[in-house]
Amino acid sequence: MADDVQELSGVKVLVCDAAGPAITTVQDALDLIGASYVGAEIVAVPADRLDDRFFVLSTGFAGEVMQKFVNYRVRLAVLGDISRHLEASSALRSLVHESNASDHIWFLPDVDALTARLGARA
């Protein structure tokens, strides 16, 4: 399955294929932002596609990627089990907690949770 724009709870979301290419550079993130310009408001990326550096905040990679999404006004949802990363980093746990309390970047277990979250906003 390729990356696909789907309507979830009335919101167009670019749902990225788990088997798609890894996101290892800021340019890879920019490419996803560009792909969202077919009308999607949110890019839903499987956590497994993100390079492990994304979850090690000291690398700065997560900050760079997240800032690009904010700058281009495209929301980001990271989908999947990130528990091993959360166990390794209290800073990441704080980031996830604060991000999930906002409206621009979310860390959620799956597409169903994203659909429910979007539905709760309606």
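Two strands count as paired when DSSP finds at least two bridges between them. With that in hand, here are some close-up views of this predicted model.

**View 1. Strands β1 and β2 form an antiparallel pair.** Strand β1 covers residues 4-8 and strand β2 covers residues 11-15, with five bridges joining them. To find your way in, look for valine 5, whose bridge partner in β2 is leucine 14. Then follow the hairpin to the two residues between the strands. Serine 9 in this hairpin has a positive phi near 50 degrees.

**View 2. Helix α1, residues 26-35, has four residues to look for: Val26, Ala29, Leu32 and Ile33 are its buried ones.** These residues lie on the same side of α1 because they span an arc of only 115 degrees around the axis. Their cover includes β2, β3 (42-46) and α2 (61-71).

**View 3. The largest nonpolar core holds 27 residues.** Val43, Val45, Phe54, Phe55, Phe69 and Val78 are the members that touch the most others in this core. Two or more residues come from each of α1, β3, α2, β4 (75-79), α4 (90-101) and β5 (105-108). Helix α2 provides the largest share, five residues.

**View 4. Here is phenylalanine 54 with its contacts Phe61, Ala62, Val65, Met66, Val78 and Phe107.** Residues up to four places away in sequence are not counted in this set.

**View 5. Another core, of twelve residues, lies apart from the largest one.** Among its members are Val11, Val15, Ala44 and Leu114.

Methods. Residues numbered from 1 in each chain as written. Predicted model: local features only at pLDDT ≥ 70, side-chain atom pairs only at ≥ 80, totals over all residues. Heavy atoms only, no water. Buried < 20%, exposed > 50% of the residue type's maximum accessible area, 1.4 Å probe, protein only. Arc of directions from axis to C-beta. Contact = heavy atoms within 4.5 Å. Core = buried A, V, L, I, M, F, W, Y, C linked by side-chain atoms within 4.5 Å.
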